[in-house]
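Here is a short briefing on one protein model. Please keep the sequence and structure in view while reading.

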Amino acid sequence: MNIQTTAPNAFPCLDGLRGIAAFWVLLSHIQILSGSPKVSILSWGGLAVDLFMMLSGLLMAHHYLLRQEKEPWNETRTWFIFWIRRFFRIAPLYYILLVVSFLLSPEMRVGRDAVAGVWPHTATDSLRYTGFEFDNLLAHLTFVFGFLPNYAFRTPLPDWSIGLEMQFYFVFPFIMLAVEKFGFGKIGISLILACLLAKWGFHGFFQQFGMPSFLPIKLYVFMIGIWLAIGRSKGLMKKALFLSLVTIAPIIIYHRSAESIGLLLLVIGIFYLISDATLPLSRWLEHIVAPIRVVLSGKVSRFLGDCSYGLYLAHLLILVPVAGYLSTHSTYVESSSLTRFLICLVIVAPASYLLSWVGHYLVEQPGIRFGKKITVNLRKPLIN
């Protein structure tokens, strides 16, 4: 049976959230590469990536629901339409930046070593800057690197999450089929438990990943986004929030960290941001949430959202050489950590956003249009 959707066609405030997530990652990396001491929220770059994942699960499920009549979930052509759209949304800019990162890797390694020479605790695996071998390139061009421990973190880009996204896109149509048949709560909890069992049963394999690039490690985050989309569409926001809190609670108990509490607050915040007024206290909180929604939907936020993917992928191409160059100057090194942080930010942020904006309009948008053009002929039999 179809899941009837009562949600709006779009959530413009999510543009601002994507922009915040990308800027958050940039700030996190500047903090590391400027040798600044950790400031809790700024250092939670992983939480910013979790935000990207939640938004990905939310948007994929939301649009899948909206297209259900024209693109039935049980049609294999629907799956290929979905995969083609996502491939041409992600791959064109990624491929260009991947090649650029390999070409610049010697210079980036010099910069990265210069930073590590001053602040040894910031050192990273040198293989990221010496991995221009055919097998590594092939693993990244085919997006299989995310579940191969030896290749998952082998480029100068923060692309481990891109491989993770592609794994999610591949399984997403099958998750939605199962959701339609068995319900979003049962399937979500079952998948999360299966991932936990896999992590426990193959602990040695999971431990080999330097970053959580293997989907079973992070499927629960995507699942929260899917729950949110379906809960919003079916008027079951309370159930979706309950499932999300039940999922996060063991993480908080196990890690007992401020960052895990931050994840909890982030999830609750997103639920209330796109609430349908059925959540507890949602009407009372509306006067607080409504202005935030307006800001996150404005022109600046749309610009930041448009640049978010490019900024996330490309910023290290600028930040690493800049931070490396600055770290060779004693005046900079002897400055306060806040001064170093701000110098890096002032130099790197404008250049990164300019590069991201150019990439969005010259590569991302044409890629999206091309992907839609390819799917036109696939959609016709589904509409007739």
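F271 touches I224, L228, M237, A240, L241, S244 and L279, leaving out residues up to four places away in sequence. Contact here means heavy atoms within 4.5 Å. The model is predicted: local features need pLDDT of at least 70, side-chain atom pairs count only at pLDDT 80 or more, and totals for chains, interfaces and linings use all residues. Residues are numbered from 1 along each chain as its sequence is written, and side-chain values use heavy atoms, without hydrogens and water.

**Nonpolar cores**
- The largest nonpolar core holds 113 residues. F271 is one of those with the most contacts inside it, alongside L14, Y94, F168, F172 and I226.
- Apart from it lies another core, of 5 residues, including A152, F206, F209 and F214.
- A nonpolar core is a set of buried Ala, Val, Leu, Ile, Met, Phe, Trp, Tyr and Cys residues joined through side-chain atoms within 4.5 Å.
- Buried means under 20% relative accessible area, exposed over 50%, and partly exposed in between (1.4 Å probe, protein chains only).

**F143 and its loop**
- F143 sits in the loop between α5 (134-141) and α6 (160-182).
- Its relative accessible area is 7%, so F143 is buried.
- Beyond neighbours within four places in sequence, F143 contacts F87, A91, Y94, Y95, I162 and M166.
- F143 and L164 lie 21 residues apart in sequence, with 8.8 Å from C-alpha to C-alpha.

**Cysteines**
- The disulfide count is 0, where a disulfide is a pair of cysteine sulfur atoms within 2.5 Å.
- C307 is in no disulfide; the nearest cysteine sulfur belongs to C13, 18 Å away.
- C307 is buried at 0% relative accessible area. C195 is also buried, at 12% relative accessibility.

**Overall fold and size**
- The protein chain has 15 helices and 0 strands. These are DSSP runs numbered from the N terminus: helices are H or I of at least four residues, strands are E of at least two.
- Of its 384 residues, 52% count as buried.
- Among contacts with a separation of 6 or more, 77% join residues 24 or more positions apart.
- The C-alpha trace spans about 65 × 50 × 45 Å along its principal axes.

**Confidence**
- pLDDT, the predictor's confidence in each residue from 0 to 100, averages 91 over the protein chain. At least 70 is scored by 96% of the residues.
- Over residues 1-5 the pLDDT is below 50, and this stretch has 15 contacts in the model beyond near neighbours in sequence.
- Where pLDDT is low, predicted coordinates should not be read in detail.
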